[in-house]
Every structure is written in C-alpha cells, then in structure tokens.
Amino acid sequence: MRTTRRRFLQNMTWMTAAAATHRVHAGHAGGAIVSGQLLDTSALARFVDALPLAALTKPAGVRPSPDNPALQVPYYRLAMRQFETKVHRDVPPTTFWGYGGSCPGPTIEARHGKPLLVEWANELPHQHLFPVDHTLHGAEADKPDVRTVVHLHGGRTGPESDGYPENWFVPGQSGTSYYPNQQEAAGLFYHDHAMGITRLNAAAGLMGLYLMRDEFEDGLNLPKGAYEIPLVLFDRSFRPDGQIHDPVSGKTGAPWVSEYYGSAILVNGKIFPYHEVEPRKYRLRLLNGSNGSFYRLGFSADPSVASTGLMFHQIGSEQGFLAAPAPMNLLILGPGERADVILDFRGSAGREIFLRTNVATVMQFRVGPGKSDDPSTVPATLRPVPRLPESASAITRELTIADYQDRLGRSNVMLLNGAHWNMPVTEKPVLNSTEIWSFINLTDDSHPIHLHLVRFQILDRRPFDLGVYQLTKKIVLTGPAMELAAGEMGWKDTVRVDPMTITRIIVKFEGFAGKYVWHCHMLEHEDNEMMRPYIVTTA
Ligand code: C2O
Ligand code: CU
C-alpha cells in the first residue's frame, strides 16, 4: 500500500523542481506493488521489440454535415474492441480494449477547416476487464459495467459531440461525433470519458491520437512522413500471465485507489521498444496517456537515468506551436499533456540514443551510420503566441483543489472548489469572454487540470501559505512566481497545478455555448469527484 507519506515525499519534489535529480514519476518506486503477484518488468530484455506505429484511419465514406446537410463530409467509423497483443517478446499476450482493435488506436489526421464525422461504435464485451467501484458517482450498481463515450481532448467541439461523461453508450450501441476542426494545427487525442469508469476504460487501452494539420504547419518544412513519429506513453503493471494489473484498495465493495502508477512505461503499446532512425532530424509527437504518472523526459546516449540529457527543441504544446523552438534537455509531461519535439540524430550516427525519465529507461533509437539527406528545417520562429493581457479578463475565479482523507490518510473523495459533480453548476463563463481561473492547490499532489473546449495560457504559478489559508481563507503568497517551462508559454489545454501553489490561467471561452466539463486528468481523481460541469452561456 502506498502511504500518504510517500505521496507527500514524491510530490514535495515539485517544490524543488530545479533539482532535476529528484524523482517525481513513481515508475519503479513500486509502493503499490505486492511482490510475487506482479511481473518484474524491469527484468525484461531491453529493446527486443520494434516500436509499433499506429495506422492512419481512412474514411468509410461521406455523410451530410450536421452544420449544412447540402455538404458531404468524410465519415469515419471506429469500433472499440477487445483484443490481445504482445506488450513484449517475453510476456504472454495481454488483453486490451482499443479503438479499431489497437492501443493506441489508429491516428486520425484532420485538416483545419475540413470537418469530419466519427461514429464511435462500442463493440466491447459486456463484462469489464477491471472491477467497477459502484460507490463512485455515475458508476452505481444500477448502471451497466461496460459503458463508453468518446472525448476529443483539445478539440473545439460542439457540446453534443464533446463526449459529455453522462452521454455513455453500451455494447451494441454507438455515438457519432461531429468535429468541425476550426482550430490551429496541434496534437490532440481521443479517449474514453464514461462517468465513474474513465480510469478503467483508459487503463484498458481506449485512447488514440488526432493530429490537426493546417497550411501554416505545411509551410514550416518540419520533418514529416516516416520522420514524424507519434510516441504515446503510458505505464502499466502486469501479472505474470501477461494481463494488466489494476490496483484495488482492499476495501470490500470499494476497489477505487487514488492513483495508478505502473511498473513499466510503454511506448505505443510496447515495453522497451527500439526504433531505427537515420542520422537526421525527427519530429516526435509525445502524449502522456498515463492514468496518473508525470514524466520527466530526456534523451541521452547513455541509458543510465542519471546521464545528462541531449539538447532537443520543443516546438509545440497541447494546443499548437510555440512562438519559437525552445531548446531544452528536460521535458515534464503530466497525464493528458502533449509535446511536439524536434530531435536531431545527426551527431549520433551509428550510435544508440535512449528516451528515459529520471527513474526509468523507456526506449531506444538505433541511429543508422553515415550521413542522411535532411531537407527539413527548424525555423527560427514558429507561430506567434500573443499573450492574453490580464486586463482582458472579466472575472477571476478562485478554485480550490482538495483531497479529503480518512484517519489512515487514504483519500475518500477529491473535490474542485469544494463541490461534488452533482451540485449546481457554478462556472458559467459567457461565450467569447475572457476569464482568469486561479487554482489553489490544498493537496500534496500535483494535479493536471484540463478544461474542455478551450485553449488557454498559463499566467503564473506561485507558492502560498497553506496553513494561513486553511485557518483564514486568506491567500498569503510566500514567494515570487516560479519560472514556467518554455513549453508552458504556448497554448495549453492541461496545466500542472503543483502542491502548495496557486496556478493561474487565462482563458477565452470561444467556439460554442453549452455544457462542458473541467477536471483533473489523473483519471483516478477525475472518477472520484475531481470533475465539474461548466456552462458557456450566451447571456
Ligand atoms: Cu482528456 Cu476530459 O479529458
Ligand atoms: Cu488530481
């Protein structure tokens, strides 16, 4: 059993984020691991499986656009299915759930201004892979165990197509979403969002990439085709029979646990994969698809986790390009966050380069010998990211993030602004207005907070006095704003809210009016009340 104390220590490292040597990702920390019952993934042979690359989806035809029935738009059909796959050469086949029968599911490529329809078909069995906790909101015993609804994370999507958590459907049914694609090039992803069981559906494998393209991106001359590689990261633990281990609490009838940290980090569904590359630039589209793990990622010529990272350039955050490529050797990605990165293997011909976190080696790139033609470039500037001025904001909402624990320090429930899912909607921004949301973290965890529909900018992250706040509800800042990473200066849709900090974002509520959600993207938290509806009004 992980203890609160351990969690506290892990997350304390955020307070010294500069000390990059501290471990943050639990990875092999192994607190939840009961030895003997789980596969020791760290002992598996390294780099014996090739990195799988997800297929690109093709439309199944055309259908009339819901916006304009005279217009035909591409129509895709993706079925969620149970399937078996090998996560590693030496591990028996694992049962997963996946869109199109793969995990990650096939990549959808969309173009700005070219709408499309996806029919998401639930063809899953009636029994869940993992135990459902019927004490959680929306997952009561009168609900079917297997329910799904698909959300396009980062999509500027109308409310009826956004995958509202209560709009789930069961095996044999499907839901069709209309994606207008009126937004800038960015790496989005689709995943399950069913009320009270999102963590289980995601752990089973229901996720895939959705790459939005546009003309601006075409003009950048970035590496493309085989030189653009999606890397979907998530961690899982496995049983010796190869099946995914889903941790349970041990409380009778209430199996929910507050976090899922797996023993192995998979890339595109493989443990310790390798990928052969040429000595040239590559564009890596990274997604942290984990339920609860944050990763401190780096590349190095030395597989040891303490080695100094190679320089690479981050060119995009969740919602599109940064203003300019940002050189760095460390990238922090929380659950739901994405990064668009250029890594140049030119100086590494004939060598091996490793992707690693600060606690685990993740994958290997085998760089071919000699020289490679590389017509791609990293432009000096990308897309301007005009800063939203605080003066544009109509209102500042102060929103707490809190974790209510029992006497043993185990989480019972986690709330946003002290409110449960079913309480009246309190966040009602007006369409096209700008607001500042100020997240006050009262917990000892980092929480990746995500708003549907919108893109936003991070204003700042500042330490405050938690004790004073708890006694008086007064905010006393205890230090200057912490430095934001270069990738945090771009357009975001998910923000890391660190313990004992107040993190402020500025958001323009554009696109659609209607009911959406905002929530913590640690899926265990989201499923236990750390999610709230919000309504964009036309008042
Ligand atoms: Cu990626 Cu509401 O989720
Ligand atoms: Cu959380």
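Modeller: A polar contact is a pair of N or O atoms within 3.5 Å; within protein, one must be able to donate a hydrogen and the other to accept it, and residues adjacent in sequence count only if both atoms are side-chain atoms. This is a predicted model, in which local features need pLDDT of at least 70 and side-chain atom pairs count only at pLDDT 80 or more, while totals for chains, interfaces and linings use all residues. Residues are numbered from 1 along each chain as its sequence is written, chains are lettered from A and ligands numbered from 1 in the order in which they are written, and side-chain values use heavy atoms, without hydrogens and water.

Colleague: Which side chain is joined to that of Glu-259 by a polar contact of 2.8 Å?

Modeller: Glu-259 lies in the loop between strand S12 (244–245) and strand S13 (264–267), where strands (E, at least two residues) and helices (H or I, at least four) are DSSP runs numbered from the N terminus. Its side chain has a polar contact of 3.1 Å with that of Ser-258. The contact of 2.8 Å is made with the side chain of His-525.

Colleague: Is Glu-259 buried or exposed?

Modeller: Buried means under 20% relative accessible area, exposed over 50%, and partly exposed in between (1.4 Å probe, protein chains only). The relative accessibility of Glu-259 is 6%, so the residue counts as buried.

Colleague: With which residues is Ala-55 in contact, leaving aside its neighbours within four places in sequence?

Modeller: Ala-55 is found in the loop between strand S1 (49–50) and strand S2 (61–64). At 51% relative accessibility, Ala-55 counts as exposed. Contact means heavy atoms within 4.5 Å. Apart from those neighbours, Ala-55 touches Pro-106 and Thr-107.

Colleague: Which residue in S10 stands opposite Ile-108?

Modeller: Four strands form an open sheet of mixed pairing in the order S5-S10-S9-S7, and two strands pair if DSSP finds at least two bridges between them. The edge strands, each pairing on one side only, are S5 (105–111) and S7 (150–153). S5 runs parallel to S10 (residues 207–213), and five bridges join them. Opposite Ile-108 stands Tyr-210.

Colleague: What is the radius of gyration of the protein?

Modeller: The protein has five helices and 32 strands. The globule rule (2.2 Å times the number of residues to the power 0.38) accompanies a radius taken over C-alpha atoms. For 539 residues the rule gives 24 Å, and the protein is close to this, so it is as compact as a globular protein of that length, with a radius of gyration of 22 Å.
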